[in-house]
Amino acid sequence: MTDVSTTAPTRELPAFPMARGCPFDPPEQYSALRAERPIARVALPGDRTAWLVTRHDLVRQLLTDPRLSSDRTHPNLPTPVPSLPAQAQQDFAPIANALIGLDAPRHSTHRRMLITEFTVKRVQALRPRIQEIADGCVTDLLAGPRPADLVSALSLPVPSMVICELLGVPYADRDFFQSRTRTVVSFNASPEERAAAIRALRGFLDELVTAKEREPSDDLLGRLIRRNREAEVFTHELLVGLAALLLLAGHETTANMISLGTAGLLRNPQQLAQLRADPALVGQTVEELLRYFSIVDAIPRVALADIEIGGVTIHAGDGVALSVGGANRDGVAFGRADELDIQRGGRHHVAFGYGIHQCLGQNLARMELEIVFTTLFTRVPGLRLAAPVDELPFKDDATIYGLYQLPVTW
Ligand code: HEM
């Protein structure tokens, strides 16, 4: 049977991104699409179209398909934000092309240069320092006024401090890079505002990388520069791009998971009680929160060749949005998929992606989340939300979902 969505004019297609009904769930349309048209044509802002994939098995299959490119500079890449002006696209290219925007075999060469920095063993060595940082933030939170904003007290500082120390970026510059990052990932910022934020971040990291090239420091960027002197994989521009990618991905994602995860557990007191009764459940709790919130939705790709899949033909040049939220709430892959259940123990979620681009920082993110939730819920037993859930400022206007503020008291 021909899928009418493949031939429908753009104005008749469902618009993407789709609005959420409940802030704790993906857009309601995903369930119907998954059941009826798991690979559906959608209309993007700016009169563009793409395929939206909402079924777990199809998302995983396509994430490992080499006929889909990650080229972040391709004009058909299904991004929900309007295109940048031409000059800004040039400024953005080294960031866009750093690792996450590369295809094999170039991607494999670049990833090999970084992978040793993110092994489980390497990340485990950071545990005492991450614990110290989390403890410091919770101590300050408890000493401060009530209600407090958990985002500025804990969610942002912990991953920002960790990634700054890991990379060798001065933490004193946090206001600068956090606010520019917010603009880069926002749907509502104008192309000019996003361009200015990208230019500013790039200039900042250009100076930093230049200084480290002159005198390589004992941090990730310094080590990478030394390693690169022999391997000659990265140009200066690409080193700047990688620094920007790691700085952005290293704090914004984990910060949003800390805020949403805390709100999710406070809203489900029985789940929180189970975690408090058995702190060893924290690993499983983190996996479930990652699945439940799926903060990166959707992963963008462009087809390099025609692909026959699920009864449709994705043509060469078509944009494809692989929905992490759709896949992670697929009832076939996860029983009672819409329930938060910390006993679930399912690690086949795709919150960190899947295939060659699967999140490089996942071991670090998991550890930060485990430490933060354990520390927060142990040291602040009376923690509760200080505002009704429907008044919380969720990030409905950003490519990484989360919360702008989270008022809490205890
Ligand atoms: C809860 C936190 C996080 C989530 C949900 C998350 C999610 C993701 C996802 C979905 C991808 C795949 C993108 C794609 O296939 O196009 C990805 C890739 C990536 N992430 Fe994360 N991430 C998190 C934390 C981090 C952290 C802490 C870092 C760095 C320290 C990081 C660095 C990266 C990098 C460098 C890539 C690109 C990998 C590649 O292309 O080979 N992420 N992340």
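**Figure 1. The shell of residues around the ligand, sorted by class.** By class, this shell comprises 19 nonpolar, seven polar and three charged residues. In this sorting, Ala, Val, Leu, Ile, Met, Phe, Trp, Tyr, Cys and Pro count as nonpolar, Asp, Glu, Lys and Arg as charged, and the others, Gly among them, as polar. The structure is a predicted model, in which local features need pLDDT of at least 70 and side-chain atom pairs count only at pLDDT 80 or more, while totals for chains, interfaces and linings use all residues. Residues are numbered from 1 along each chain as its sequence is written, and side-chain values use heavy atoms, with hydrogens and water left out. Of the 29 residues around the ligand, those that come nearest are His107, Arg111, Arg301, His357 and Cys359; a residue is near a molecule or strand if one of its heavy atoms lies within 4 Å of it.

**Figure 2. Polar side chains at the oxygen atoms of the ligand.** A polar contact is a pair of N or O atoms within 3.5 Å; within protein, one must be able to donate a hydrogen and the other to accept it, and residues adjacent in sequence count only if both atoms are side-chain atoms. His107 places a polar side-chain atom 2.7 Å from an oxygen atom of the ligand. For Arg301, a polar side-chain atom lies 2.8 Å from an oxygen atom of the ligand. An N or O atom in the side chain of Arg72 is 3.3 Å from an oxygen atom of the ligand. Two or more residues of the shell come from each of helix H4 (106-115), helix H12 (236-267), strand E5 (299-303) and helix H16 (362-379). H12 gives the most, with seven residues. Helices (H or I, at least four residues) and strands (E, at least two) are DSSP runs, numbered from the N terminus.

**Figure 3. Cys359 and the iron atom of the ligand.** The SG atom of Cys359, at 2.3 Å, is the only protein donor of the iron atom. Donors are N, O and S atoms within 2.8 Å of the metal (3.2 Å for Na, K and Ca); water is not among the atoms, so sites may look incomplete. Cys359 belongs to the loop between helix H15 (324-328) and H16. With a relative accessible area of 29%, Cys359 is partly exposed; buried means under 20% relative accessible area, exposed over 50%, and partly exposed in between (1.4 Å probe, protein chains only). Leaving aside its neighbours within four places in sequence, Cys359 is in contact (heavy atoms within 4.5 Å) with Arg111 and Phe352. Although Cys359 and Ala249 are 110 residues apart along the chain, their C-alpha atoms are separated by 9.5 Å.

**Figure 4. The nonpolar cores.** In soluble globular proteins, nonpolar side chains tend to be buried together. A nonpolar core is a set of buried Ala, Val, Leu, Ile, Met, Phe, Trp, Tyr and Cys residues joined through side-chain atoms within 4.5 Å. The largest core here has 98 residues, of which Leu114, Leu154, Val169 and Leu205 touch the most other members. H12 supplies the largest share of this core, 17 residues. Not counting residues up to four places away in sequence, Leu205 touches Val169, Val240, Ala243, Ala244 and Leu247. A second, separate core has 19 residues, including Ile307, Ile309, Val320 and Val324.

**Figure 5. The surroundings of Ser294.** Ser294 sits in the loop between helix H14 (282-293) and E5. This residue is buried, because its relative accessible area is 3%. A polar atom of the Ser294 side chain lies 2.7 Å from the backbone oxygen of Arg291. The side chain of Ser294 also makes a polar contact with the side chain of Asn328 (3.0 Å). Beyond its neighbours within four places in sequence, Ser294 is in contact with Leu289, Val324, Gly325 and Asn328.

Figure 6. Most residues other than glycine have a negative phi, and most peptide bonds are trans. A cis peptide bond joins Ala104 and Pro105, with omega about 5°; Pro105 is in the loop between H3 and H4. Another cis peptide bond joins Arg146 and Pro147, with omega about -5°, and Pro147 lies in the loop between helix H6 (127-143) and strand E4 (148-149). Asp47, in the loop between strand E1 (39-44) and strand E2 (48-53), has a positive phi near 60°. Asp47 counts as exposed, because its relative accessibility is 68%. Glu232 has a positive phi of about 50° although it is not a glycine, and is placed in the loop between helix H11 (220-231) and H12. Glu232 is exposed, with a relative accessible area of 66%.
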